Amino acid sequence: MSDNRPYVTRQPDHLELPQPGDEAQIHSDLLSNHIRQEMERAGGRLTFDRFMELCLYAPGLGYYVAGARKFGDEGDFVTAPEISPIFGRCLARQCIQVFEQIGGGDLLEFGAGTGAMAADILAELHRLDSLPGRYLILELSPELRIRQQETLQERVPDLAHMVQWLEDLPLPGFKGVVLANEVLDAMPVQRFKIESGEVREQFVLLEGDTFSLIWDDPITPGLAEAVMDLGLTKGYESELNLRALPWIQELGERVDTGAVLLIDYGYPQAEYYHSQRSEGTLMCHYRHRAHPDPLWFPGLQDITAHVDFTAIADAGLKAGFDIAGFCTQAYFLMGCGLDGMLADSDPNDVDSHMRLVQEIKRLTLPTAMGERFKVLGMTRGIKHPLIGFGMRDQRERL
Ligand SMILES: C[S@@+](CC[C@H](N)C(=O)[O-])C[C@H]1O[C@@H](n2cnc3c(N)ncnc32)[C@H](O)[C@@H]1O
């Protein structure tokens, strides 16, 4: 069998996605071959979460580690730091409050995307004379790491030297603020369904030249138990992020004093596994079109699932954190002083003022990112409430 054979991808039902160019299709075929080889070694199929992991992170080939443009208008999706610097400026205000309480510290950002948020936070901290000891970035993608370096050199050349890229989590004893914007949603998830009272796990296999999905008895350790704990009814299909829990556990072992802020789209558990969402939350993004087919051109599209914030908060408690707050992105940004920043903008500078107003609308309106995105704050060794949750704290929803 040739190592660059073409794979056949079906168009998802009821949705005409733009056809990728020849080069992109060759790239997808290379990744598909890589997946096929691992599948053959594993006996002919892969668990869905392993398939998703390879699609997103296979070395040199996965969506996040290969060269295509993902973020922004020319890419597949837009994240809050790409919409406006005011997002990072608000987070900087929250960081300052934490630094004041713990006597300084470092910043650690997971999955820093284009580096826009790091540049905005550093610029604001510099403006307010509150720079951290170090700005650390833990990024899985070598390609994005280069992009982050370029962004920082371009946007904050005098501060870029403060940023260090880590290969692994910092050693125990970390003091400061940990930030992760849209990182949890980019972690591979297990997919399950309840059939005749039994838990089934989803697998991916190859039929001829086409990947397909099947259900079978679960093989992922702990999956069946974790699903049964959710108490779902027959026919229910959804996903679980079992990788997030050890990730939080590890953070708990490394963070000595400070705050962890997790920003993402998601729900408290009761809403996540609500009967209205009985087909789960898995979603794929390609050129600003969202669709539910994870098999479409492996490596060319983002695959993502919403976050179960109750599970994350439970893991945080087990890891020894205090749950400091939970609210929508809109309330969090307002708690950090968004209104004041808007008030400081000069309305006579019509273009930039109107641009800022539009950006704030995209970040805060319920019809845009304001309610779908939530912020979960976990702290250790911090006495005062975090300002971000000062406007509204909805921990009771968790
Ligand atoms: C949707 S992007 C978000 C990027 C950026 N934070 C933003 O808001 O624009 C997801 C990012 O999370 C990173 N990521 C996923 N799992 C990670 C992990 N366990 N550690 C560090 N980064 C991770 C990916 O490599 C990617 O950069």
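The model is a predicted one, in which local features need pLDDT of at least 70 and side-chain atom pairs pLDDT 80 or more, while totals for chains, interfaces and linings use all residues. Numbering starts from 1 along each chain as its sequence is written, and side-chain values use heavy atoms, with hydrogens and water left out.

Of the 19 residues around the ligand, the nearest are Tyr57, Thr79, Gly111, Glu139 and Asn181 (a residue counts if one of its heavy atoms lies within 4 Å). Three of these names turn up again in polar contacts, here pairs of N or O atoms within 3.5 Å. A polar backbone atom of Gly111 sits 2.6 Å from a ligand nitrogen. Ligand oxygen atoms lie 2.7 Å from a side-chain N or O atom of Asn181 and 3.0 Å from one of Glu139. The protein covers 94% of the 590 Å² of accessible area that the ligand has on its own (Shrake-Rupley method, 1.4 Å probe).

Elsewhere, helix α8 (residues 244-254) meets helix α10 (residues 309-318), their axes coming within 9 Å and crossing at roughly 35 degrees (axes are lines fitted to C-alpha atoms over the stretch in contact, with angles from 0 to 180 degrees between N-to-C directions; helices are DSSP runs, H or I, of at least four residues, numbered from the N terminus). Ala244, Leu245, Ile248 and Gln249 of α8 touch Ala311, Ile312, Ala315, Gly316 and Lys318 of α10, contact meaning heavy atoms within 4.5 Å. These contact residues comprise six nonpolar, two polar and one charged.

Notes: A polar contact is a pair of N or O atoms within 3.5 Å; within protein, one must be able to donate a hydrogen and the other to accept it, and residues adjacent in sequence count only if both atoms are side-chain atoms. Helices (H or I, at least four residues) and strands (E, at least two) are DSSP runs, numbered from the N terminus. Ala, Val, Leu, Ile, Met, Phe, Trp, Tyr, Cys and Pro count as nonpolar, Asp, Glu, Lys and Arg as charged, and the others, Gly among them, as polar.
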